[in-house]
Amino acid sequence: MARSETAVATAQASKYLQQLCKHFAHKRPVSFDPHKGNIAFTIGDVHLEADDNVLRIALTAPDDAQIAELQ
């Protein structure tokens, strides 16, 4: 299993988490609340976490090639 993580400093982390999840919800399985979200793609999953000042994004996929595609 391959993994990639990043953190984005922003005062609007929860807003961006919800926007991303709503954007993909019409095509992909998505679950979210104001602080956590998950988006399932056929090649891997995106896990989002928001606090007051940071949006954390973690990608998981079976291999590095699929991680690169998710990125």
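Visitor: What should I know before I look?
Guide: Residues are numbered from 1 along each chain as its sequence is written, and side-chain values use heavy atoms, with hydrogens and water left out. This is a predicted model, where local features need pLDDT of at least 70 and side-chain atom pairs count only at pLDDT 80 or more, while totals for chains, interfaces and linings use all residues.

Visitor: Where is threonine 10 found?
Guide: Helices (H or I, at least four residues) and strands (E, at least two) are DSSP runs, numbered from the N terminus. Threonine 10 belongs to the loop between strand 1 (2-9) and helix 1 (13-25).

Visitor: Is threonine 10 buried or exposed?
Guide: Buried means under 20% relative accessible area, exposed over 50%, and partly exposed in between (1.4 Å probe, protein chains only). Contact means heavy atoms within 4.5 Å, and beyond its neighbours within four places in sequence, threonine 10 is in contact with Tyr16, Asp52, Asn53, Val54 and Leu55. With a relative accessible area of 16%, threonine 10 is buried.

Visitor: Why do the buried residues of helix 1 line one face?
Guide: Ala13, Leu17 and Cys21 are buried in helix 1. An α-helix has 3.6 residues a turn, so residues three or four places apart point the same way. Seen down the axis of helix 1, its buried residues line one face because they fall within an arc (taken from the directions from the helix axis to the C-beta atoms) of 60 degrees.

Visitor: Which residue stands opposite histidine 47?
Guide: Two strands pair if DSSP finds at least two bridges between them. Strand 4 and strand 5 run antiparallel, joined by 6 bridges, and a hairpin links them through 3 residues. In strand 5, the residue opposite histidine 47 is alanine 58.

Visitor: How many salt bridges does the count come to?
Guide: A salt bridge is a side-chain nitrogen of Lys or Arg within 4 Å of a carboxyl oxygen of Asp or Glu. Arginine 3 forms one with glutamate 5, their closest N and O atoms being 2.6 Å apart. Aspartate 51 and arginine 56 meet in another, at 3.1 Å from N to O. The count is 2.
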